[in-house]
Amino acid sequence: MGERQIPIEGIDPGELYGTGNAYIKQISDKFPKLRVVARGGTVKLIGDPDEMERFENKLNRLIAYYEKFGHLSPEVIDQVYDNVMPESESPVDQDVIVFGNNGLIVRARTVNQQKLVRAYEKNDLLFAIGPAGSGKTYTAIALAVRALREKEVRRIILTRPAVEAGEKLGFLPGDLKEKLDPYLQPLYDALNDMIPAGKLAKYMEDGTVQIAPLAYMRGRTLDHAFVILDEAQNTTLPQIKMFLTRMGKNARFIVTGDMTQIDLPRKSDSGLRPVVDMLEKVPGIGVIEFDRRDIIRHPLVKYIVKAFEEYSALQSQGSNE
């Protein structure tokens with residue numbers, strides 16, 4: 001009879017053990033010749049040495065699955081341990097981008113979201129432009145999380161211009177971080193859907209995931225990073241040029257924006273449309289135009305967007321007469 005201790009790396013032990021240690025019990029039941037004790041970040045095995053070797057191999061496969069897809073379930077454990085899932089296969093359909101928390105499956109749900117995913121495979125810089133609720137930023141963040149899990153990049157950097165939409169920064173309570181966090185909250189929300197809380201906190205502490213206002217990008221060279229500029233319609237042409245020229249080796253950039261929601265004092269100062277017009281023909285740069293058919297929030301949002309588009313068109317027509 002032998003004894004072995006296996007350190008758990010690459011996964012929060014709580015995610016591996018399951019609620020009430022349900023997953024570790026399910027795994028243990030598949031190895032009746034072993035006694036399995038899971039405590040903290042270590043799994044202790046007592047029993048047959050050959051079975052220990054097989055147990056560790058299967059456990060490593062299960063952890064590798066979690067690192068790639070970000071979730072575990074009783075069905076996944078059965079597939080891995082019963083050899084139903086070959087190592088070269090994944091149980092996902094083509095539209096699935098990444099597995100999130102609590103069984104959430106993040107998939108490309110509309111035609112233009114699917115276009116964005118396909119364009120990502122061919123381009124290092126993407127522009128995703130369209131109305132609120134069309135999933136531009138959420139899809140981009142899902143691609144970033146997948147790239148990090150698959151070790152295509154070393155870090156994720158999410159940034160937004162800190163431009164007020166009717167409320168002045170100086171009048172908000174708190175220090176600089178507290179003033180800026182409301183602008184960045186949609187980015188936090190998406191990450192919280194896709195990365196377990198403990199791992200996300202660790203990533204943010206060690207800089208693997210960074211969320212910052214656009215002004216903090218100045219002077220940096222962003223190598224081996226997946227970088228998303230959100231709300232780019234609120235950047236001026238010099239600002240968006242500054243951002244794009246941060247691109248370093250093995251970097252992937254996605255720029256998202258909505259030309260109907262410019263919050264700059266003068267809408268004509270927005271640099272998003274001019275930079276797209278300048279760069280859309282450059283090889284390695286892709287442009288995906290979203291529209292109200294991509295809106296996946298409450299069904300009423302599509303009608304709200306349509307009504308505002310029609311109103312703006314009437315206003316423009318009236319001003320030209």
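Residues are numbered from 1 along each chain as its sequence is written, and side-chain values use heavy atoms, with hydrogens and water left out. As the model is predicted, local features need pLDDT of at least 70 and side-chain atom pairs count only at pLDDT 80 or more, whereas totals for chains, interfaces and linings use all residues.

The mean pLDDT of the protein chain (the predictor's confidence in each residue, from 0 to 100) is 85, and 88% of its residues reach 70 or more. Helices (H or I, at least four residues) and strands (E, at least two) are DSSP runs numbered from the N terminus. Over residues 88-92 pLDDT stays under 50, and the model has seven contacts beyond four places in sequence for them; contact means heavy atoms within 4.5 Å. Residues 165-169 also have pLDDT under 50 throughout, with eight contacts beyond four places in sequence.

An open sheet is formed by three strands in the order S1-S3-S2, with antiparallel pairing; two strands pair if DSSP finds at least two bridges between them. Strand S1 (2-7) and strand S2 (34-39) each have a single partner strand and stand at the edges, so one side of each is left without a neighbour in the sheet. On average, neighbouring strands of this sheet are turned by 15° against each other, direction ignored. S1 and strand S3 (residues 42-47) run antiparallel and are joined by six bridges. Opposite threonine 42 in S3 stands proline 7.

Helix H5 (residues 111-120) packs with helix H6 (residues 136-149) at an angle of about 35°, their axes being 10 Å apart. Axes are lines fitted to C-alpha atoms, for helices over the stretch in contact, and angles run from 0 to 180 degrees between N-to-C directions. The contact involves Gln113, Leu116, Val117 and Tyr120 of H5, together with Lys136, Thr139, Ala140, Leu143, Arg146 and Ala147 of H6. Six of the contact residues are nonpolar, two polar and two charged.

For helix H9 (residues 237-244) and helix H10 (residues 272-279), the packing angle is about 50° and the axes lie 8 Å apart. In H9, Leu237, Ile240 and Leu244 meet Leu272, Pro274, Val275, Met278 and Leu279 of H10. The residues of this contact comprise eight nonpolar, no polar and no charged. Ala, Val, Leu, Ile, Met, Phe, Trp, Tyr, Cys and Pro count as nonpolar, Asp, Glu, Lys and Arg as charged, and the others, Gly among them, as polar.
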